[in-house]
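Here is a short briefing to read alongside the sequence and the 3D view.

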Amino acid sequence: MMHLLYTPERQRIAIQKSGRLYQASMDLFTSRGLVFAPEGRSLIRACENYDIDLLLLRDDDIPEYVRAGVADFGIVGQNVLAEKGIDLPVVEKLDFGKCKLVIAVPKESRIKAPEDMQGKRIATSYPKLLSGFLKSKGVEAVIVPISGSTEITPELDLADAICDIVQTGSTLKAHDLVPICAIMESQAVLVESPQSKQAKKRFLSQINLQSNV
Ligand code: ATP
Ligand code: ZN
């Protein structure tokens with residue numbers, strides 16, 4: 001009877017279940033004084049000292065949960081929001097999850113600039129952002145949709161270039177790839193649902209955050 005946890009008074013915050021944003025998201029709440037029950041296998045984790053429940057989700061699903069109002073807040077990368085095309089009010093830009101969406105090519109490639117990608121194959125998990133970028137440059141290329149580990153696609157000859165998120169660049173380097181241009185910069189943001197304003201404001205003041213709406 002999971003749904004009994006969902007009383008209207010409790011605020012739900014969607015965060016990444018595991019992965020690069022999980023620990024920093026938990027640390028943020030801890031630093032604001034929130035205490036959570038020990039980690040279990042449940043996808044819902046109750047806060048012990050505020051009327052808050054965490055929803056632990058894949059980061060790709062967070063924008064939709066927040067847009068729909070199933071979660072009142074979410075912590076997610078701007079890159080994911082942009083790729084999903086879901087624009088949500090940002091409560092606070094967070095100091096983690098900083099990365100860039102870049103196009104990279106094998107070191108020895110003749111592709112040196114976006115214009116050189118005419119007719120080339122580009123593997124990416126960001127087809128929407130990539131196609132927008134290519135359009136803005138007037139370049140027609142073949143987008144190869146891949147759900148992860150795009151960095152291996154050039155050496156396997158599935159693609160001539162990749163469009164992926166990088167932070168330090170060490171993954172690119174390990175595969176002899178070099179970035180030729182950046183499409184967007186990103187960081188984690190705390191977003192809020194366009195639903196139920198009164199309850200949200202109460203929550204925001206509880207944990208010392210201010211709403212932009
Ligand atoms: P999930 O299982 O939740 O779908 P994922 O594999 O899509 O996880 P992660 O790799 O954990 O996602 O990255 C989550 C977010 O962290 C990215 O969307 C991005 O905003 C940010 N990020 C920061 N640095 C990096 C990096 N070097 N590589 C990938 N993402 C990064
Ligand atoms: Zn994901």
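Predicted model: local features only at pLDDT ≥ 70, side-chain atom pairs only at ≥ 80, totals over all residues.

Ligand 1 sits in the largest pocket, and two residues other than glycine, serine 149 and aspartate 176, have a positive phi.

**Ligand 1 and its surroundings**
- There are 15 residues around ligand 1, and Gln16, Arg20, Arg58, Asp60 and Asn79 come nearest.
- Backbone atoms take part: a polar backbone atom of arginine 20 is 2.8 Å from an oxygen atom of ligand 1, and for aspartate 59 a backbone N or O atom lies 2.9 Å from a ligand oxygen.
- Asparagine 79 uses its side chain, where an N or O atom is 2.7 Å from an oxygen atom of ligand 1.
- Taken alone, ligand 1 exposes 620 Å², and the protein buries 77% of that.

**Positive phi angles**
- Most residues other than glycine have a negative phi.
- Serine 149, with a phi of about 50°, is found in the loop between β8 (142–145) and β9 (161–166).
- Serine 149 counts as partly exposed because its relative accessible area is 46%.
- Aspartate 176 has a phi near 55° and belongs to the loop between α5 (170–174) and β10 (177–186).
- With a relative accessible area of 43%, aspartate 176 is also partly exposed.

**Glutamate 39**
- Look for glutamate 39 in the loop that runs between α1 (22–31) and β2 (44–46).
- Its relative accessibility is 58%, so glutamate 39 counts as exposed.
- Beyond its neighbours within four places in sequence, glutamate 39 is in contact with Tyr22 and Arg45.

Terms used. Residues numbered from 1 in each chain as written. Chains lettered and ligands numbered in written order. Heavy atoms only, no water. Helix = DSSP H or I, 4+ residues; strand = E, 2+ residues; numbered from the N terminus. Buried < 20%, exposed > 50% of the residue type's maximum accessible area, 1.4 Å probe, protein only. Contact = heavy atoms within 4.5 Å. Near = heavy atom within 4 Å. Polar contact = N/O pair within 3.5 Å; in protein donor to acceptor, adjacent residues only side chain to side chain. Areas by Shrake-Rupley, 256 points an atom, 1.4 Å probe, with all protein chains shown as cover. 1 Å grid on protein atoms, 1.4 Å probe; cavity = no way out; pocket = protein on both sides within 12 Å on 5 of 7 lines; lining within 4 Å. Sits in = over half its atoms within 2 Å of the grid points.
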